[in-house]
Each structure stands twice: as C-alpha cells, then as structure tokens.
Amino acid sequence: MSKLVNILSRIVSAITYPLFIPTYGVVLYSLLYSRLTPAIPTAAYIYYCVLTFLITGLIPLVGILILIRKKVVTDIYIADARERRIPYIITLSCFCIWCYLAIKYMHVAPAFRLSAVGATMALCIVNLINPYWKISAHLAGIGGLIGGFILYQPVVGCILLGVALLLMFARLCLDAHTPLQVVCGWLLGLLMTLIPNLIYYG
C-alpha cells in the first residue's frame with residue numbers, strides 16, 4: 001500500500017511540476033474566457049498557450065536538464081535547496097520575460113496580467129527563501145493558480161483547491177517538505193496572485 005501511495009505521489013508531483021503551472025493557467029484561462037471575448041480569435045489563445053509553455057516551461061526545463069548533465073544539480077526536482085540558485089535564476093528570468101510579454105502584447109483581461117505579475121513575484125520570493133528554508137515551489141505554483149481564478153471562477157478555484165490538498169499530501173508522503181513548508185508555499189502563491197486582483201477590482 002505504501003509503495004502504491006509513493007508511486008501516486010510521484011505522479012501527482014510530476015503532473016504539477018512548477019514549470020507547468022503557468023501553462024495550465026493559460027490553458028484554463030483560454031478555455032474559460034475565449035467564449036466571453038469573441039473578438040479575440042482562437043488562434044491567439046493557442047499562441048498564448050504555446051508561448052507560455054515555451055518560455056516558462058520548456059526553456060527552464062532544458063536549462064535544468066543541462067545542469068543535471070553537468071552535475072550542477074542532482075535531480076529534476078532539485079531536492080537539495082543549496083542547488084536551487086542557478087535553476088531559479090534561469091526560471092525567474094524566463095518568468096520575467098513572460099510577464100513582460102503578457103502585459104505588453106497579450107490581449108487578455110487585467111486579471112490575467114495581475115496573476116502573471118503575482119506568480120513572478122511569488123517565484124522571486126521563493127528564490128530568496130529557498131537557500132535558507134525549503135519552502136514548497138509546487139504549492140506556491142498551485143496556490144498562485146487558485147488565487148488567479150478563485151474570484152472570477154469560484155468553481156474552478158474550488159477544484160484547484162482540491163488539487164492543492166492532494167498535492168500537499170503527495171509532497172508530505174514523499175518527505176519532500178514539512179507541513180509548514182507546504183502550507184507556507186501555498187499561502188505565498190495564493191496571496192501573491194489574489195491580493196493584486198483584490199486591490200485592482202476592489
């Protein structure tokens with residue numbers, strides 16, 4: 001039974017790998033808002049999804065794989081917090097580029113742009129904290145996703161909350177973090193995307 005739980009926990013962790021979270025967010029946004037904004041062609045949403053995957057997913061992931069090959073980091077999850085500086089700098093740089101493109105060139109709602117900025121700020125804070133304390137980047141990612149949707153799509157937000165709880169359980173089962181690290185990661189991601197939206201629309 002414990003072996004099965006371990007396998008399932010690894011699958012959940014892989015699916016919710018932090019670099020994939022922005023792509024999931026853009027895909028969800030595109031599916032939910034494409035019908036509300038018919039002036040924006042479907043091709044534009046596809047372009048946003050592909051661009052997001054390339055910049056925030058594929059490029060940082062390739063960078064991490066190169067670092068693994070060069071033995072700078074041990075594994076794709078970068079379990080050793082001391083190894084996270086270079087991968088996080090690469091990832092943060094990619095997120096900043098994505099954030100700039102979202103603000104400057106993507107024809108999306110302000111909520112999307114605010115969530116992109118919040119997610120990038122959350123990653124920056126995780127980067128600052130991690131050398132001293134291994135806060136959960138997985139939960140920061142899913143927390144940011146919840147914060148970006150919960151105000152406007154509460155049903156989707158509640159579903160994502162269920163995913164977050166499952167992910168918390170998975171990370172704890174893998175002994176990747178302490179309970180406090182996963183909760184703090186989730187709260188960080190949630191607040192960094194939720195607060196800007198509350199201020200803007202409040």
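A pocket is an open set of grid points with protein on both sides within 12 Å along at least five of seven lines, and its lining residues have an atom within 4 Å of a point. The exercises below concern a predicted model.

**Exercise 1. The largest pocket**

Task: State which residues line the largest pocket, and describe this lining by class.

Solution. 
Step 1. The lining consists of Arg10, Ser13, Asp75, Tyr77, Ala79, Arg84, Lys134, Arg171, Leu174, Asp175 and Ala176.
Step 2. Sorted by class, these residues comprise six charged, four nonpolar and one polar.
Step 3. The volume of this pocket is about 190 Å³.

**Exercise 2. A lining residue with positive phi**

Task: Asp175 is one of the residues that line the largest pocket. Determine where Asp175 is placed, what its phi is, and whether it counts as buried or exposed.

Solution. 
Step 1. Asp175 is located in the loop between helix H7 (154-173) and H8.
Step 2. Its phi is near 55°, which is a positive value in a residue other than glycine.
Step 3. The cut-off for an exposed residue is over 50% relative accessible area. Asp175 has a relative accessibility of 67% and therefore counts as exposed.

**Exercise 3. The packing of H5 and H8**

Task: Describe how helices H5 and H8 pack, and name the residues that meet.

Solution. 
Step 1. Two packed helices are described by the angle between their axes and the distance between the axes.
Step 2. Helix H5 spans residues 110-129 and helix H8 spans residues 179-201; the angle is about 145°, and the axes are 8 Å apart.
Step 3. The handedness of this crossing is right-handed.
Step 4. On the H5 side, the residues in contact are Pro110, Ala111, Leu114, Ser115, Gly118, Ala119, Met121, Ala122, Ile125 and Val126; on the H8 side, they are Leu188, Gly189, Met192, Thr193, Pro196, Asn197, Tyr200 and Tyr201.
Step 5. By class, this contact of H5 with H8 contains 13 nonpolar and five polar residues, and no charged ones.

**Exercise 4. Ala164 and Val183**

Task: Decide whether Ala164 is buried or exposed, list what it touches, and relate it to Val183.

Solution. 
Step 1. Ala164 is part of helix H7. Its relative accessibility is 0%, so Ala164 counts as buried.
Step 2. Residues up to four places away in sequence are not counted; Ala164 then touches Leu139, Ile142, Ile146 and Trp186.
Step 3. Val183 belongs to helix H8. With a relative accessible area of 36%, Val183 is partly exposed.
Step 4. Ala164 and Val183 are 19 residues apart along the chain, and their C-alpha atoms are separated by 9.9 Å. Val183 and Ala111 are 72 residues apart in sequence and 24 Å apart in space, C-alpha to C-alpha.

**Exercise 5. The largest cavity**

Task: State how many cavities of 30 Å³ or more are found, and describe the lining of the largest cavity.

Solution. 
Step 1. The volume of the largest cavity is about 630 Å³.
Step 2. It is lined by 40 residues, of which Pro18, Ile21, Pro22, Phe95 and Gly141 are the closest to its centre.
Step 3. Helix H2 (21-33), H4, H5, helix H6 (137-149) and H8 each contribute at least two residues to this lining.
Step 4. By class, the lining has 28 nonpolar, 10 polar and two charged residues.

Technical notes: Residues numbered from 1 in each chain as written. Predicted model: local features only at pLDDT ≥ 70, side-chain atom pairs only at ≥ 80, totals over all residues. Heavy atoms only, no water. Axes fitted to C-alpha atoms, helices over the stretch in contact; angles between N-to-C directions. Helix = DSSP H or I, 4+ residues; strand = E, 2+ residues; numbered from the N terminus. Left-handed = near helix turned anticlockwise from the far one by under 90°. Contact = heavy atoms within 4.5 Å. Nonpolar A, V, L, I, M, F, W, Y, C, P; charged D, E, K, R; others polar. 1 Å grid on protein atoms, 1.4 Å probe; cavity = no way out; pocket = protein on both sides within 12 Å on 5 of 7 lines; lining within 4 Å. Points joined across faces, edges and corners; volume = space filled by probe spheres on them. Buried < 20%, exposed > 50% of the residue type's maximum accessible area, 1.4 Å probe, protein only.
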